[in-house]
Amino acid sequence: MLRFRGCQNFRQRLVCATLSGRPIRIDDIRANDQEPGLRDFEASFLRLLEKITNGCVVEINETGTSLRYKPGLIVGGAGLSHDCAPSRSIGYFLEPLVVLGLFGKKPLSITLRGITNDHVDPSIDIFRTVTLPLVKRCLGSEEGLELKVVKRGALPLGGGEVVLRVPVMKQLPAINMTDEGMVKRIRGVSYSMKVSPQNTNRMVDGARGVLNAFLADVFIFTDAVAGASSGNSPGYGIALVAETTSG
């Protein structure tokens, strides 16, 4: 059994343990904090691992400062759903799901509910326009990997909903991504929830006013949602992505 201390790299430790099949133990999880032990988003991630695997065992002591994790078999499957902790956004849970889903027995299809955009974790827009294209390029396949945004949800009440689909890969190709290239165009999404749609247009005008001085190819979409698809809290923001000549 591998032993670790502290709460650093919590997701990475659990993901690597699950992929390698080796049990781990983590001690002294925030042992000196005023509120020691696991946080709600870390406990939520453990529950998520239990849903996509079969046979995993999680043991937590009374104070939450010690964790034993025995990984199970990654099953995947369709029709899964998970309510993410409100203290972190859905992006916190999407990143390890993509890695684990590739090595499952069945293609993964899971619905995640919670906060879609915050200032801590990658938003669903960045995940959809940056992470997924890079993963597809590394896998050498465009099929099966998809993120669908059903609802948006802002802090603090969330209410967002996304559907992630991950295919099963039998083998991974070699990756060679050493040439970063030069920036050739900028794309983005200006979004708002339960506020005036004029906010999205103002953000687009402000961003283009700065970026057009350096680059002509700038296009920013607007996504002003209202009603049932806008979650439980008002909010707005903009996500910008630069694409280089090397992709």
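**Entry 1. Ser 44**

I take helices as DSSP runs of H or I, at least four residues in length, numbered from the N terminus. I am working on a predicted model. By that helix rule I place Ser 44 in helix α2, which covers residues 40-52.

Is Ser 44 buried or exposed? I find Ser 44 buried, at a relative accessible area of 0%. I then looked for a polar partner. The side chain of Ser 44 meets the side chain of His 82 in a polar contact of 2.9 Å. I also listed what Ser 44 touches, leaving out residues up to four places away in sequence. The list reads His 82, Asp 83, Cys 84, Ala 85 and Phe 93.

**Entry 2. Cysteines**

How many disulfides does a search of the whole structure find? I get 0. Cys 7 is in no disulfide, and the nearest cysteine sulfur belongs to Cys 16, 17 Å away. For Cys 16 I also note no disulfide; there the nearest cysteine sulfur is that of Cys 56, at 16 Å. The cut-off for a disulfide is 2.5 Å between sulfurs, so I rule out these pairs. Cys 7 counts as partly exposed, at 24% relative accessibility.

**Entry 3. Salt bridges**

I searched the whole structure and found 17 salt bridges. I followed up several of them.

Glu 95 pairs with Arg 11, the closest N and O atoms being 2.9 Å apart. Which parts does this pair tie together? Glu 95 sits in helix α3 (residues 91-101) and Arg 11 in helix α1 (residues 10-20), so the bridge ties together parts 84 residues apart in sequence. Glu 95 is partly exposed at 28% relative accessibility. Arg 11 is buried, with 16% relative accessible area.

Asp 33 bridges to Arg 39, with 3.6 Å between the closest N and O atoms. I find Asp 33 partly exposed at 39%. Arg 39 is also partly exposed, at 23%.

Asp 83 and Arg 113 meet through their side chains in a salt bridge of 3.7 Å, N to O. This pair links distant parts of the chain, strand β7 (residues 77-83) for Asp 83 and strand β8 (residues 108-114) for Arg 113, 30 residues apart. Arg 113 is partly exposed, at a relative accessible area of 33%. I also traced one network, in which Asp 125, Arg 128, Arg 152 and Asp 223 are joined by salt bridges that share partners.

**Entry 4. Nonpolar cores**

Nonpolar side chains tend to be buried together in soluble globular proteins. I looked for such groups here. The largest nonpolar core holds 42 residues. Which of them touch the most other members? I find Phe 10, Leu 14, Phe 45 and Leu 112. At least two residues of this core come from each of α1, β2 (24-27), α2, β5 (67-70), α3, β8, α4 (124-139) and β10 (160-166).

I took a closer look at Phe 45. Setting aside neighbours within four places in sequence, Phe 45 contacts Phe 10, Arg 11, Leu 14, Val 15, Tyr 92, Phe 93 and Pro 96. Another core, of 7 residues, lies apart from the largest one; its members include Ala 207, Leu 211, Leu 215 and Ile 220.

**Entry 5. Helix α4**

I looked for a bend in α4. A kink of about 30 degrees falls at Thr 131, shortly before Pro 133. Which residues of α4 are buried? I list Ile 124, Asp 125, Phe 127, Leu 132, Val 135, Lys 136, Cys 138 and Leu 139. The buried residues of α4 pack against α3, β9, β10, β11 (183-193) and β13 (235-244). Just after α4, Gly 140 has a positive phi of about 70 degrees.

**Entry 6. Gly 159**

Where is Gly 159? I place Gly 159 in the loop between β9 (146-151) and β10. Gly 159 is partly exposed, at 26% relative accessible area. I went back to Arg 113 here. Gly 159 and Arg 113 are 46 residues apart in sequence, but their C-alpha atoms are 6.6 Å apart in space. Beyond neighbours within four places in sequence, I find Gly 159 in contact with Gly 114, Lys 151, Arg 152, Gly 153, Gly 231 and Asn 232.

Methods. Residues numbered from 1 in each chain as written. Predicted model: local features only at pLDDT ≥ 70, side-chain atom pairs only at ≥ 80, totals over all residues. Heavy atoms only, no water. Buried < 20%, exposed > 50% of the residue type's maximum accessible area, 1.4 Å probe, protein only. Polar contact = N/O pair within 3.5 Å; in protein donor to acceptor, adjacent residues only side chain to side chain. Contact = heavy atoms within 4.5 Å. Salt bridge = Lys/Arg side-chain N within 4 Å of Asp/Glu carboxyl O. Core = buried A, V, L, I, M, F, W, Y, C linked by side-chain atoms within 4.5 Å. Bend = angle between axes of the 7 residues up to and from the residue.
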